[in-house]
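Me: I would like to learn how to read helices and sheets in a model like this one. Could you take me through it?

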Amino acid sequence: MAAISMLFLFTFSSALWVLHASAELQTFAHPSKHDGSLSFLVLGDWGRRGAYNQSQVAFQMGKVGEKLDIDFVVSAGDNFYDNGLVDDHDAAFEESFTNIYTAKSLQKQWYSVLGNHDYRGNAVAQLSPLLRKIDTRWLCLRSFIVNTELAEIFFVDTTPFVREYFTETNGHKYDWRGILPQKSYITNLLKDLELALRESSAKWKIVVGHHAIRSVGHHGDTQELVTQLLPILRENNVDFYMNGHDHCLEHISDTESPIGFLTSGAGSKAWRGYTQGLNRKGLNFFYDGQGFMSVQLTQTDANIEFYDVSGNVLHRLTASKQLHSSL
Ligand SMILES: [Zn+2]
(Lines give C-alpha, C1' and ligand atoms only; values in the text may rest on other atoms or scores of the structure.)
Protein backbone atom coordinates (compact mmCIF):
# COMPACT_ATOMS: atom_id res chain seq x y z
CA MET A 1 0.00 0.00 0.00
CA ALA A 2 1.85 3.06 -1.20
CA ALA A 3 1.85 6.25 0.79
CA ILE A 4 -0.17 8.79 -1.10
CA SER A 5 1.07 11.85 0.69
CA MET A 6 3.22 12.89 3.59
CA LEU A 7 2.21 15.98 5.49
CA PHE A 8 3.97 16.95 8.67
CA LEU A 9 2.09 18.74 11.40
CA PHE A 10 4.17 19.61 14.40
CA THR A 11 2.45 19.82 17.73
CA PHE A 12 3.61 20.45 21.26
CA SER A 13 4.39 16.87 22.09
CA SER A 14 4.53 14.87 18.93
CA ALA A 15 4.80 14.92 15.19
CA LEU A 16 1.74 13.76 13.33
CA TRP A 17 1.81 12.69 9.79
CA VAL A 18 -0.59 11.49 7.20
CA LEU A 19 0.24 7.81 6.77
CA HIS A 20 -1.87 7.16 3.74
CA ALA A 21 -5.46 7.16 2.74
CA SER A 22 -6.54 3.52 3.08
CA ALA A 23 -9.62 4.49 1.16
CA GLU A 24 -10.23 8.18 0.67
CA LEU A 25 -10.07 9.07 4.33
CA GLN A 26 -6.95 10.89 5.53
CA THR A 27 -5.17 8.99 8.27
CA PHE A 28 -3.06 10.62 10.97
CA ALA A 29 -0.66 8.61 13.08
CA HIS A 30 -0.63 9.49 16.76
CA PRO A 31 1.57 7.11 18.75
CA SER A 32 0.31 5.62 22.02
CA LYS A 33 2.34 6.04 25.21
CA HIS A 34 5.62 4.14 25.64
CA ASP A 35 3.85 1.54 27.80
CA GLY A 36 1.36 0.95 24.96
CA SER A 37 -1.60 2.61 26.69
CA LEU A 38 -3.62 5.58 25.49
CA SER A 39 -5.76 8.20 27.20
CA PHE A 40 -7.80 11.10 25.91
CA LEU A 41 -10.72 13.36 26.77
CA VAL A 42 -13.94 13.73 24.76
CA LEU A 43 -15.88 17.00 24.74
CA GLY A 44 -18.73 18.30 22.62
CA ASP A 45 -20.89 21.40 22.16
CA TRP A 46 -18.64 23.94 23.82
CA GLY A 47 -17.64 27.26 22.16
CA ARG A 48 -19.45 30.05 24.02
CA ARG A 49 -16.58 32.39 25.01
CA GLY A 50 -16.48 30.76 28.44
CA ALA A 51 -20.16 31.24 29.20
CA TYR A 52 -22.62 28.61 30.47
CA ASN A 53 -19.85 27.01 32.58
CA GLN A 54 -17.62 26.39 29.55
CA SER A 55 -14.65 27.74 31.55
CA GLN A 56 -15.51 25.59 34.58
CA VAL A 57 -15.69 22.45 32.44
CA ALA A 58 -12.36 23.47 30.86
CA PHE A 59 -10.80 23.84 34.32
CA GLN A 60 -11.85 20.33 35.36
CA MET A 61 -10.65 18.94 32.01
CA GLY A 62 -7.25 20.41 32.79
CA LYS A 63 -7.12 18.61 36.15
CA VAL A 64 -8.28 15.25 34.78
CA GLY A 65 -6.05 15.68 31.72
CA GLU A 66 -3.04 16.06 33.99
CA LYS A 67 -3.98 13.11 36.18
CA LEU A 68 -4.42 10.80 33.18
CA ASP A 69 -1.50 12.29 31.22
CA ILE A 70 -3.75 12.51 28.17
CA ASP A 71 -2.41 12.05 24.65
CA PHE A 72 -5.01 14.25 22.91
CA VAL A 73 -8.52 15.69 23.09
CA VAL A 74 -11.45 14.69 20.86
CA SER A 75 -14.04 17.34 20.05
CA ALA A 76 -17.39 15.94 18.91
CA GLY A 77 -18.54 19.13 17.16
CA ASP A 78 -20.68 22.22 17.67
CA ASN A 79 -17.35 23.86 18.31
CA PHE A 80 -18.48 27.48 18.00
CA TYR A 81 -21.93 28.84 18.92
CA ASP A 82 -24.34 29.92 17.69
CA ASN A 83 -23.35 29.84 14.06
CA GLY A 84 -19.83 28.44 13.72
CA LEU A 85 -17.07 30.81 12.59
CA VAL A 86 -17.56 33.74 10.22
CA ASP A 87 -14.15 33.18 8.60
CA ASP A 88 -10.70 31.92 9.58
CA HIS A 89 -9.91 35.27 11.25
CA ASP A 90 -12.99 35.17 13.49
CA ALA A 91 -12.00 36.22 17.04
CA ALA A 92 -14.37 33.55 18.38
CA PHE A 93 -11.70 30.96 17.60
CA GLU A 94 -9.36 32.35 20.24
CA GLU A 95 -12.10 33.59 22.57
CA SER A 96 -13.86 30.21 22.69
CA PHE A 97 -10.93 27.83 22.22
CA THR A 98 -7.38 29.17 22.73
CA ASN A 99 -8.20 31.40 25.71
CA ILE A 100 -10.46 28.85 27.43
CA TYR A 101 -8.58 25.53 27.33
CA THR A 102 -5.42 26.98 28.85
CA ALA A 103 -4.37 24.19 31.24
CA LYS A 104 -0.97 22.69 30.55
CA SER A 105 -2.40 19.20 30.15
CA LEU A 106 -4.73 20.43 27.38
CA GLN A 107 -1.87 21.76 25.23
CA LYS A 108 -2.12 18.61 23.12
CA GLN A 109 -3.54 17.89 19.72
CA TRP A 110 -7.30 18.43 19.45
CA TYR A 111 -9.10 16.34 16.83
CA SER A 112 -12.43 17.89 15.88
CA VAL A 113 -15.41 17.18 13.69
CA LEU A 114 -18.06 19.70 12.63
CA GLY A 115 -21.52 19.91 14.20
CA ASN A 116 -24.75 21.31 12.79
CA HIS A 117 -24.08 24.70 14.43
CA ASP A 118 -20.66 24.80 12.73
CA TYR A 119 -22.39 24.23 9.39
CA ARG A 120 -24.61 27.26 10.07
CA GLY A 121 -21.53 29.45 9.78
CA ASN A 122 -18.55 29.21 7.46
CA ALA A 123 -17.89 25.47 7.83
CA VAL A 124 -14.91 25.61 5.48
CA ALA A 125 -13.20 28.16 7.74
CA GLN A 126 -12.93 25.62 10.59
CA LEU A 127 -11.05 23.29 8.25
CA SER A 128 -8.58 26.02 7.29
CA PRO A 129 -4.86 25.42 7.94
CA LEU A 130 -4.70 29.11 8.92
CA LEU A 131 -6.36 28.23 12.24
CA ARG A 132 -3.47 25.87 12.98
CA LYS A 133 -1.14 28.83 12.63
CA ILE A 134 -3.12 30.68 15.30
CA ASP A 135 -3.30 27.61 17.58
CA THR A 136 -1.29 24.53 16.61
CA ARG A 137 -3.54 22.25 18.69
CA TRP A 138 -6.41 22.64 16.23
CA LEU A 139 -7.19 20.00 13.63
CA CYS A 140 -10.71 19.86 12.26
CA LEU A 141 -11.61 17.92 9.15
CA ARG A 142 -14.88 16.55 7.83
CA SER A 143 -14.05 12.80 8.05
CA PHE A 144 -10.67 11.33 8.89
CA ILE A 145 -8.86 8.67 10.89
CA VAL A 146 -6.47 8.85 13.84
CA ASN A 147 -4.39 5.71 14.17
CA THR A 148 -2.67 5.13 17.51
CA GLU A 149 -1.99 1.44 16.69
CA LEU A 150 -3.71 0.41 19.93
CA ALA A 151 -6.88 2.18 18.81
CA GLU A 152 -8.10 3.50 15.52
CA ILE A 153 -10.51 6.42 15.76
CA PHE A 154 -12.77 7.09 12.78
CA PHE A 155 -14.18 10.62 12.67
CA VAL A 156 -17.39 10.88 10.63
CA ASP A 157 -19.06 14.04 9.33
CA THR A 158 -22.65 13.34 10.44
CA THR A 159 -24.41 16.67 9.77
CA PRO A 160 -24.92 15.98 6.03
CA PHE A 161 -26.81 12.76 6.94
CA VAL A 162 -29.66 14.67 8.59
CA ARG A 163 -32.42 15.31 6.02
CA GLU A 164 -34.15 17.97 8.11
CA TYR A 165 -31.19 20.36 7.64
CA PHE A 166 -31.86 20.29 3.91
CA THR A 167 -35.66 20.32 3.97
CA GLU A 168 -36.82 22.27 7.05
CA THR A 169 -34.07 24.75 7.75
CA ASN A 170 -36.17 26.97 10.07
CA GLY A 171 -34.50 30.06 8.71
CA HIS A 172 -30.97 28.71 9.26
CA LYS A 173 -28.53 28.78 6.38
CA TYR A 174 -26.17 25.83 6.10
CA ASP A 175 -22.79 25.95 4.38
CA TRP A 176 -23.08 22.94 2.08
CA ARG A 177 -19.99 23.75 0.00
CA GLY A 178 -18.23 20.47 -0.78
CA ILE A 179 -21.26 18.38 0.29
CA LEU A 180 -23.69 18.53 -2.63
CA PRO A 181 -25.11 16.39 -4.07
CA GLN A 182 -25.84 15.04 -0.59
CA LYS A 183 -26.66 11.51 -1.72
CA SER A 184 -23.33 10.79 -3.37
CA TYR A 185 -21.44 12.52 -0.52
CA ILE A 186 -23.03 10.12 1.99
CA THR A 187 -22.62 7.07 -0.26
CA ASN A 188 -18.91 7.75 -0.79
CA LEU A 189 -18.32 8.52 2.87
CA LEU A 190 -19.97 5.28 4.01
CA LYS A 191 -18.05 3.29 1.39
CA ASP A 192 -14.73 4.80 2.53
CA LEU A 193 -15.58 4.25 6.19
CA GLU A 194 -16.63 0.66 5.65
CA LEU A 195 -13.41 -0.15 3.80
CA ALA A 196 -11.25 1.53 6.43
CA LEU A 197 -13.05 -0.26 9.27
CA ARG A 198 -12.72 -3.60 7.52
CA GLU A 199 -8.99 -3.11 6.97
CA SER A 200 -8.32 -1.96 10.53
CA SER A 201 -6.33 -4.30 12.74
CA ALA A 202 -6.48 -2.03 15.79
CA LYS A 203 -7.43 -3.57 19.12
CA TRP A 204 -10.04 -0.88 19.71
CA LYS A 205 -12.21 0.62 16.98
CA ILE A 206 -13.90 3.86 17.93
CA VAL A 207 -16.17 5.97 15.74
CA VAL A 208 -16.79 9.66 16.53
CA GLY A 209 -19.57 11.78 15.03
CA HIS A 210 -21.47 14.87 16.13
CA HIS A 211 -24.96 13.37 16.12
CA ALA A 212 -26.03 10.52 18.40
CA ILE A 213 -27.02 7.17 17.00
CA ARG A 214 -28.86 6.49 20.26
CA SER A 215 -29.88 9.17 22.75
CA VAL A 216 -32.62 9.78 25.29
CA GLY A 217 -31.70 13.48 25.38
CA HIS A 218 -33.50 16.39 23.76
CA HIS A 219 -32.85 15.33 20.15
CA GLY A 220 -33.22 11.57 20.66
CA ASP A 221 -31.93 8.99 18.17
CA THR A 222 -30.70 10.20 14.77
CA GLN A 223 -32.77 7.98 12.52
CA GLU A 224 -30.57 8.49 9.45
CA LEU A 225 -27.56 7.18 11.42
CA VAL A 226 -29.52 4.24 12.87
CA THR A 227 -30.44 3.23 9.32
CA GLN A 228 -27.25 4.04 7.41
CA LEU A 229 -24.29 4.12 9.81
CA LEU A 230 -25.12 1.65 12.60
CA PRO A 231 -25.20 -1.50 10.39
CA ILE A 232 -21.63 -0.76 9.24
CA LEU A 233 -20.44 -0.32 12.84
CA ARG A 234 -22.10 -3.58 13.88
CA GLU A 235 -20.59 -5.52 10.98
CA ASN A 236 -17.09 -4.28 11.68
CA ASN A 237 -16.82 -4.88 15.42
CA VAL A 238 -16.74 -1.25 16.49
CA ASP A 239 -16.36 -0.96 20.26
CA PHE A 240 -17.67 2.56 20.90
CA TYR A 241 -19.57 5.29 19.09
CA MET A 242 -18.93 8.71 20.66
CA ASN A 243 -20.91 11.87 19.92
CA GLY A 244 -22.15 15.25 21.11
CA HIS A 245 -25.25 17.16 19.90
CA ASP A 246 -27.45 16.41 22.90
CA HIS A 247 -26.16 18.61 25.73
CA CYS A 248 -25.81 15.83 28.24
CA LEU A 249 -23.73 12.78 29.19
CA GLU A 250 -25.00 9.33 28.29
CA HIS A 251 -24.03 5.68 28.13
CA ILE A 252 -26.39 3.40 26.20
CA SER A 253 -25.64 -0.21 25.25
CA ASP A 254 -26.60 -1.50 21.83
CA THR A 255 -29.15 -4.30 22.19
CA GLU A 256 -27.82 -6.18 19.15
CA SER A 257 -24.05 -5.85 19.46
CA PRO A 258 -21.35 -4.99 22.03
CA ILE A 259 -21.23 -1.34 20.81
CA GLY A 260 -21.39 1.28 23.56
CA PHE A 261 -23.07 4.57 22.61
CA LEU A 262 -21.45 7.42 24.52
CA THR A 263 -22.69 11.02 24.43
CA SER A 264 -20.40 13.81 25.61
CA GLY A 265 -22.17 16.96 24.46
CA ALA A 266 -22.03 18.92 27.69
CA GLY A 267 -19.13 21.33 27.14
CA SER A 268 -21.16 24.44 27.99
CA LYS A 269 -24.94 25.01 27.84
CA ALA A 270 -26.90 22.06 29.22
CA TRP A 271 -29.99 21.29 31.29
CA ARG A 272 -32.30 20.73 28.35
CA GLY A 273 -34.09 17.72 29.78
CA TYR A 274 -34.99 14.57 27.99
CA THR A 275 -37.96 13.76 25.85
CA GLN A 276 -40.62 11.44 27.16
CA GLY A 277 -41.50 8.37 25.15
CA LEU A 278 -38.08 7.86 23.58
CA ASN A 279 -36.44 4.48 23.19
CA ARG A 280 -34.76 3.84 26.56
CA LYS A 281 -33.55 0.33 25.74
CA GLY A 282 -29.98 -0.30 26.87
CA LEU A 283 -29.81 2.94 28.88
CA ASN A 284 -27.14 2.70 31.58
CA PHE A 285 -26.55 6.34 32.42
CA PHE A 286 -27.99 9.78 31.61
CA TYR A 287 -26.89 13.07 33.14
CA ASP A 288 -28.66 16.24 32.10
CA GLY A 289 -25.88 18.68 32.94
CA GLN A 290 -22.43 19.97 32.00
CA GLY A 291 -19.31 17.82 31.91
CA PHE A 292 -17.03 15.69 29.77
CA MET A 293 -15.66 12.17 29.35
CA SER A 294 -12.27 10.46 29.65
CA VAL A 295 -11.11 7.33 27.85
CA GLN A 296 -8.23 5.12 28.98
CA LEU A 297 -7.23 2.13 26.86
CA THR A 298 -4.76 -0.73 27.18
CA GLN A 299 -4.43 -3.88 25.06
CA THR A 300 -7.01 -5.59 27.24
CA ASP A 301 -9.10 -2.96 28.98
CA ALA A 302 -11.12 0.19 28.37
CA ASN A 303 -11.97 2.48 31.24
CA ILE A 304 -14.34 5.35 30.46
CA GLU A 305 -15.47 7.94 32.98
CA PHE A 306 -17.99 10.78 32.88
CA TYR A 307 -17.36 13.93 34.96
CA ASP A 308 -19.60 16.79 36.01
CA VAL A 309 -18.66 20.48 36.15
CA SER A 310 -17.08 19.98 39.60
CA GLY A 311 -14.92 17.07 38.43
CA ASN A 312 -16.94 14.38 40.21
CA VAL A 313 -17.01 11.01 38.45
CA LEU A 314 -20.69 10.35 37.74
CA HIS A 315 -20.41 7.09 35.84
CA ARG A 316 -17.70 4.61 34.91
CA LEU A 317 -17.79 1.91 32.31
CA THR A 318 -15.21 -0.78 31.80
CA ALA A 319 -14.81 -3.23 28.96
CA SER A 320 -12.37 -6.09 28.60
CA LYS A 321 -11.19 -7.68 25.39
CA GLN A 322 -10.14 -10.86 27.19
CA LEU A 323 -13.63 -11.24 28.57
CA HIS A 324 -15.19 -10.91 25.11
CA SER A 325 -12.83 -13.44 23.55
CA SER A 326 -13.35 -15.98 26.31
CA LEU A 327 -17.13 -15.85 26.04
ZN1 LIG B 1 -25.53 19.81 17.38
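Me: How many residues has helix α7, and how far does it reach from its first C-alpha to its last?

Reply: Helices are DSSP runs of H or I with at least four residues, strands are runs of E with at least two, and both are numbered from the N terminus. Helix α7 covers residues 182-199, which is 18 residues, and reaches 26 Å from its first C-alpha to its last, close to the 26 Å expected. That expected span is 1.5 Å times one less than the number of residues. Please keep in mind that this is a predicted model, where local features need pLDDT of at least 70, side-chain atom pairs count only at pLDDT 80 or more, and totals for chains, interfaces and linings use all residues. Residues are numbered from 1 along each chain as its sequence is written.

Me: Which residues of α7 are buried?

Reply: First the general idea: an α-helix has 3.6 residues a turn, so residues three or four places apart point the same way. A residue counts as buried if 20 or more other C-beta atoms lie within 10 Å of its own, exposed if 12 or fewer, and partly exposed in between, with C-beta atoms placed from the backbone. In α7 the buried ones are L189, L193, A196 and L197. Seen down the axis of α7, they fall within an arc of 95°, so they line one face of the helix. The arc is taken from the directions from the helix axis to the C-beta atoms. On the face turned away from the buried side sit the exposed residues K183, S184, T187 and E199.

Me: What covers the buried residues of α7?

Reply: The cover includes strands β8 (144-147), β9 (151-156) and β10 (204-209), along with helix α9 (230-235). Contact here means that the C-beta atoms of two residues, placed from the backbone, lie within 7 Å.

Me: Now for sheets: what is the order of the strands in the open sheet of seven?

Reply: In general, strands of a sheet pair through backbone hydrogen bonds, either parallel or antiparallel. Two strands are paired if DSSP finds at least two bridges between them. Here the order is β7-β6-β5-β4-β15-β16-β17, with mixed pairing. β7 (138-140) and β17 stand at the edges with a single partner strand each, so one side of each is left without a neighbour in the sheet.

Me: How many bridges join β16 to β17?

Reply: Seven bridges join β16 (residues 301-308) to β17 (residues 313-320), and the two run antiparallel. E305 stands opposite R316 in β17, while the bridge partner of A302 is A319. Four residues lie between the strands of this hairpin, where G311 takes a positive phi near 90°.

Me: Which strands do the buried residues of α1 pack against?

Reply: They pack against β4, β15 and β16. Helix α1 (residues 54-68) lies across these strands, running at about 15° to β15. Such angles run from 0 to 180 degrees between N-to-C directions, with axes as lines fitted to C-alpha atoms, for helices over the stretch in contact. The buried residues of α1 are Q54, V57, A58, Q60, M61, V64 and G65. They cover an arc of only 165° around the axis, which puts them on the same side of α1. After α1 comes D69, whose phi is positive, near 50°.
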